[in-house]
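Colleague: Could you walk me through this model and tell me what your terms rest on?
Modeller: Gladly, let's have a look together.

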Amino acid sequence: MAVQTAATAPANTSSADDSSAGTAPADLDLGPAAALSCRECGERFALGPIFACASCFGPLEVAYDLPSGSPEELRKRIEAGPNSIWRYAPLLPVPADVAEKPNLNPGFTKLVKADNLARELGVTGGLYVKDDSGNPTHSFKDRVVAIAVEAARAFGFTTLSCSSTGNLAGAVGAAAARAGFRSCVFIPHDLEQGKVVMAAVYGGELVGIEGNYDDVNRFCSELIGDPLGEGWGFVNVNLRPYYGEGSKTLAYEICEQLGWRLPDQIVIPIASGSQLTKIDKGLQELIELGLVEDKPYKIFGAQAEGCSPVSTAFKAGLDVVRPQKPDTIAKSLAIGNPADGPYVLDIARRTGGAVEDVDDERIVDAIKLLARTEGIFAETAGGVTVGVTKKLIENGVLDPSLTTVVLNTGDGLKTLDAVAATSQATATIRPSLDAFRAAGLATA
Ligand SMILES: *Cc1c(COP(=O)(O)O)cnc(C)c1O
């Protein structure tokens, strides 16, 4: 499989023996994490702040010594843990006492049984919304950042950084504030006000870059290779192998909240594609450990039409993802050159799923549909997943008789502009009963 190295792994700035970390302590403790292994050639490397294979430049991922013992014991141990992602510490690259370190304790968000939405969409097999707007900075990014922070601590970094489509910048700023790191984060200059404010309010440095996300990411890759970026842990670049593992917790939580059962179908938004690939990895681990029954599941990827490089490749039957210039209201998903695109294609095809996209109008409709049926206000990324779910049902691709989980990865308050024009006061009146009566709203 062809690997795109441009977005994550510039071949000239990183290799397995080029460590720009501060001082990684000799007693490095990242719990069950055993090594980094190349997703392409399988070569293994010692744990460190590296992200590309020295031999083939493939992306690195964390390999584990997963816990032994019976599934019953492990389930009990997890269920007795904290109500955060740290209940899954035995399956993550973090020390066993991670919950006691200063952090935001993200995760264990609600899995909402969405019966009203199910009726509206004609789903009979059980429809659930995994609502990650309930995280500390109101997006799923708190999960991935929490893991990257532990890696940054272990490797002796003192500054946290990232290239972000918005939510990541806020999550890094907040986590750095709590954990006592300096932060300096980079975003496209034209993001929604809610994202900019949330990235700035935690007191770290926030830099707007004149360009789109792919420009920001390219800039950060250069910064890593430069003395200017020395001692910096970029959560989604040189700490990316650890960062990505945080998304596995979505898989763990969904299954535990379903009573240690796999869902039949999951609809996941795609920006870089990391989250989708790691949810698949998490589900595979649960099967391997015997925590859930080994049965098939289908993974569906969701994009906005205005930034749909992966769904375009999927529909064309291609293995290669051709970069696009994003133009969509779903800015948190606006990555035109998704690093994990080829792996997403692989997973969608292997599991019998699909990748689909919806236009901005359908995204807005879907935000309002979810709000009106379930009382959940999603950001545009949630509009993408709900909109794609609806479209996949209409097209007969998603089976409405199966248990389906749809991800909402962010809070609607961050993208108010998407719905502001069509969500206003029904009427504005003088404070009198006569005026209210005259407005014609009161119905029995
Ligand atoms: C970052 C993000 C995603 C997915 O990101 P990946 O790069 O695909 O892991 C999904 N939704 C929201 C709201 C995000 O901020």
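Modeller: The crossing of H9 and H11 is left-handed, meaning that the near helix is turned anticlockwise from the far one by less than a right angle. A word on origins: this is a predicted model, where local features need pLDDT of at least 70, side-chain atom pairs count only at pLDDT 80 or more, and totals for chains, interfaces and linings use all residues. Residues are numbered from 1 along each chain as its sequence is written, and side-chain values use heavy atoms, without hydrogens and water.

Colleague: Why are H9 and H11 called oblique to each other?

Modeller: Their axes cross at roughly 45° and come within 9 Å. Under 35 degrees would be roughly parallel, over 145 roughly antiparallel and 65 to 115 roughly perpendicular, with the rest oblique, so H9 and H11 are oblique.

Colleague: Which residues of H9 and H11 meet?

Modeller: Leu 276, Thr 277, Asp 280 and Gln 284 of H9 meet Tyr 343, Val 344, Ile 347, Arg 350 and Thr 351 of H11, where contact means heavy atoms within 4.5 Å.

Colleague: What makes Asn 236 count as buried?

Modeller: Its relative accessibility is 4%, and buried means under 20% relative accessible area, with exposed over 50% and partly exposed in between (1.4 Å probe, protein chains only). Asn 236 therefore counts as buried. This residue sits in the loop between strand E9 (232-234) and helix H7 (240-245). Leaving aside neighbours within four places in sequence, Asn 236 is in contact with Cys 162, Ser 163, Leu 168, Tyr 213 and Tyr 243.

Key
Axes fitted to C-alpha atoms, helices over the stretch in contact; angles between N-to-C directions. Helix = DSSP H or I, 4+ residues; strand = E, 2+ residues; numbered from the N terminus.
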